[in-house]
Amino acid sequence: MFSRRRFMQALSAAGCYGLIDSQAKPALAAMLPAGNAPHDDDDLTQYVNIRVGTGGHGHTYPGATVPFGAVQLSPDTYTKDWDWCSGYYAADTSIMGFSHTHLSGTGCGDMLDVLLMPNVGEVKWEPGTRENPSEGYRSVFSHADEQMEPGYYAVTLKDRKVHAELTATERTGLHRYTFSANDTSHFILDFAHAYDDPASPVSDATLEIVGEDTITGGRTVHSWAGGRRIYFAAQFSKPFAKTQLQQDGALLSDSSKKAAGKSLKAALHYGTTEGEQIRVRVGISGVSVANALKNLQAEMPGWDFDATRAKAKSAWQRELSRIRIETHDTTQKTIFYSSLYHMMVAPTLFDDVNGEYCGMDGQTHLLVEGQHNYSSYSLWDTFRALHPSFTLFQPERVPGLVNCLVRMAEESPEGMPVWPLQGKETGTMTGYHSASVMAEACVKNVPNIDWNRAYKVMRKRNMDDNYRGLNLYREMGYIPADKEDESASKTLEYDYGDWACSHVASKIGAHDDAAIQRKRSKNYRNLFDPKTQFIRAKMSDGKWAEPFDPIDMGHTDKYRDYTESNAWQTTFGIQHDVKGYMSLWGGREPFVKKLDDLFTIPSTLPKNAPPDIAGLVGQYAHGNEPSHHIAYLYTYAGQPWKTQSRVHSLLLTMYHNDPDGLAGNEDCGQMSAWYVMSALGLYAVDPVSGNYVLTSPLFDKATLTVSNGNKLVIEAKRPSPDAIYIHSVTINGKRSEKLWVSHAEIAHGGHIIFELGTEPNKQLGTGEKVAPPSLTA
């Protein structure tokens, strides 16, 4: 398995995690939300600070994209090391150029396809270094000269005296460059540019100059998604004065119009007058150059940059308007809409306007009309809060996302999707949480999905595949630590896979399968050590793996027992059967005591802990996904006021309105989704159950547009700002004694009213009969 941990180990050996130096920190802290001061409360894009996550370990990009778009047109500042997984880092002061594909907040790097850089003077074929940018085609810039808003990015390249502007449609990018008077103006198109892990990951590429204003190409990249193919077509608004091609370091003759090799670059020359603007429109495709041209012709038939920018902004306004909040706290409002923005940059489209797409088998397929193909599913992360949120405020998109996962499972030699990226399975992270996303949609009765077809691929993985210890899990009831890496975490992940598959099995009438899966989903019991009160790894002989320290990643470096976590976090990793799990502890009280300890013990970690384990409160790690549901477990244990207090604290301390505004990797929207759902007062501890645990909302009022345009209104009535405890809840006009709500109660609209106070109500929602549902009813 190619895990984020192994990825980071390789980078560590190379020497860096991209820490912000002391000189850069003051400048970064001074960064404010891009754009003009707020002028229209109806314009929600003004509250999006795209800089959030571009520093620290957020790994986001600042450039132009549209909701769920295939193109992410953004500046690149460096192409190596962990904190540059998106190609950009807020501490950098020089830009390599502007490429068309980027990942949002991942812990592994890839993409950065089709780099274009405007330049003047002597042609420099190499980018140069961050330490000495003038030795290459890099340009210095100031963050004060950057402008970022949804669908638009701009920056002045100081030493080139060129102003760069970027905008996008779903499958195309549009550039506008304003030059000074210069006879040596030119563009470098670096088609060897890529995320360099491994170094020089391009195995083959082609470039072709077509006519007097167009260049096309395609390449194969062997980085995180090994062997992915990408094609492009770029047309310039002004005919080239001269073109040059470089092929594997050798400059071809000026008459050459084609190049083929591993490292291909082009120089496209112009003479420019003062203030002259040259625009470039670029289409991309995973299928062919011909399809890239079709995408370009369909989505960008003209050259109107301002109209394209306005259309992109309008698309973002439409999507952001699906949730409207009312608050006097502009900082939290900015954090909210910045988070909501980041929740809609992935998954990304990966199909063409003619319906063709590159499947997981590497073949070209044709979609049924109305369907789409997607990429960048960070499923181990996003099944927790991002996908549950989509079932509320993006319900019409859910069938397409789920049907895409089913097709991927049918097409892929690897079976069920784990972390698919541009037609390739990266295999990153544990479990097979495409099943979790499918099952949640099934439980919530999402329409237009063939559940018999879906269960066929789910069952193969769940019942038949010999996949990363799954056969041992089925045979022994756990995965032995001497047979499989990260065995304890994988056992719990497969428990949840069983739980997910059982719901779809029941839906289609496969009740025998469902019974087996539900019984097997209790395998976590085999790894609970009642003596230490931790989930621990076991060996093949049934003995506990030794030595054991709950802060360690495992009993040896070779066989880590936990996935990006330790025993403290993993011990609270049972999401589907919290009530049954508490019975192993002897009831609620000892469970709560251990949960209290999690948040209050020292935050000591071993030297080999991955940097993903961040945002520590005791041993709770908000910077990584295994902890995201844990604060809500107090509600299952009869002390919901502790959920309310802890979640409120995390909302205020783990999210900030600055580049280092996230506690860890954004992970394609999951880190932001935790904030958005928690701030609304709803969180899906167990997404497959179709239920949300309630907590005190952060805002006075939120109005969500849900299915068929209906409204779900969430109100928080508080006597003072420090009133964070729920005193009563009314759901759709009825007083509720429980602190959870089913999806069915609110999916088609509704009204939830929270009455809040400054002191906890220790009677509401505390009885076992009103606790959120678990497998053990």
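Two strands are said to pair if DSSP finds at least two bridges between them; strands themselves (E, at least two residues) and helices (H or I, at least four) are DSSP runs, numbered from the N terminus. The model shown is predicted, so that local features need pLDDT of at least 70 and side-chain atom pairs count only at pLDDT 80 or more, whereas totals for chains, interfaces and linings use all residues. Residues are numbered from 1 along each chain as its sequence is written, and side-chain values use heavy atoms, with hydrogens and water left out.

**View 1. An open sheet of three strands runs in the order E30-E31-E36 with antiparallel pairing.** Strand E30 (682–683) and strand E36 (740–742) form the edges of this sheet, each pairing on one side only. E30 and strand E31 (residues 691–694) run antiparallel and are joined by two bridges, and Tyr683 stands opposite Val693 of E31.

**View 2. Strand E12 (residues 214–222) is largely enclosed by the rest of the structure, because eight of its nine residues are buried.** Buried here means under 20% relative accessible area, exposed means over 50%, and partly exposed covers the range in between (1.4 Å probe, protein chains only). Strand E11 (residues 202–210) pairs with E12 in the antiparallel sense over eight bridges, and Leu207 is found opposite Gly217 of E12. The two strands E11 and E12 make a hairpin with three residues between them, and Gly211 in that turn has a positive phi of about 65°. E12 is also joined antiparallel to strand E13 (residues 226–236), by nine bridges, with a hairpin of three residues leading from E12 to E13 and His222 standing opposite Gly226 of E13.

**View 3. Strand E19 (residues 323–326) presents a covered face and an uncovered one.** In a regular strand the side chains alternate between the two faces of the sheet. Ile323 and Ile325 make up the covered face of E19, whereas Arg324 and Glu326 make up the uncovered face. Four bridges join E19 to strand E32 (residues 701–705), the two running antiparallel, and Arg324 has Thr703 as its bridge partner in E32.

**View 4. Tyr655 lies in the loop between helix H18 (640–653) and helix H19 (670–680).** With a relative accessible area of 2%, Tyr655 is buried. Its side chain makes a polar contact of 2.9 Å with the side chain of His622, a polar contact being a pair of N or O atoms within 3.5 Å of which, within protein, one must be able to donate a hydrogen and the other to accept it, while residues adjacent in sequence count only if both atoms are side-chain atoms. The side chain of Tyr655 also reaches the backbone oxygen of Met671, at 2.7 Å. Apart from neighbours within four places in sequence, the residues in contact with Tyr655 (heavy atoms within 4.5 Å) include Ile335, Leu650, Trp674 and Tyr675.

**View 5. Asn665 is placed in the loop between H18 and H19.** Asn665 is buried, with a relative accessible area of 2%. A polar atom of the Asn665 side chain lies 2.7 Å from the backbone oxygen of His57. When neighbours within four places in sequence are set aside, the residues in contact with Asn665 include Gly58, Trp82, Thr106, Asp612, Glu625 and Met671.

**View 6. In the largest nonpolar core, which has 193 residues, Phe98, Phe236 and Phe336 touch the most other members.** A nonpolar core is a set of buried Ala, Val, Leu, Ile, Met, Phe, Trp, Tyr and Cys residues joined through side-chain atoms within 4.5 Å. Helix H12 (residues 487–508) gives the most to this core, contributing nine residues. A second, separate core has nine residues, among them Cys108, Met111, Trp224 and Ala346. Not counting residues up to four places away in sequence, Phe236 touches residues including Leu116, Phe187, Ile215, Tyr270, Val280 and Trp303.
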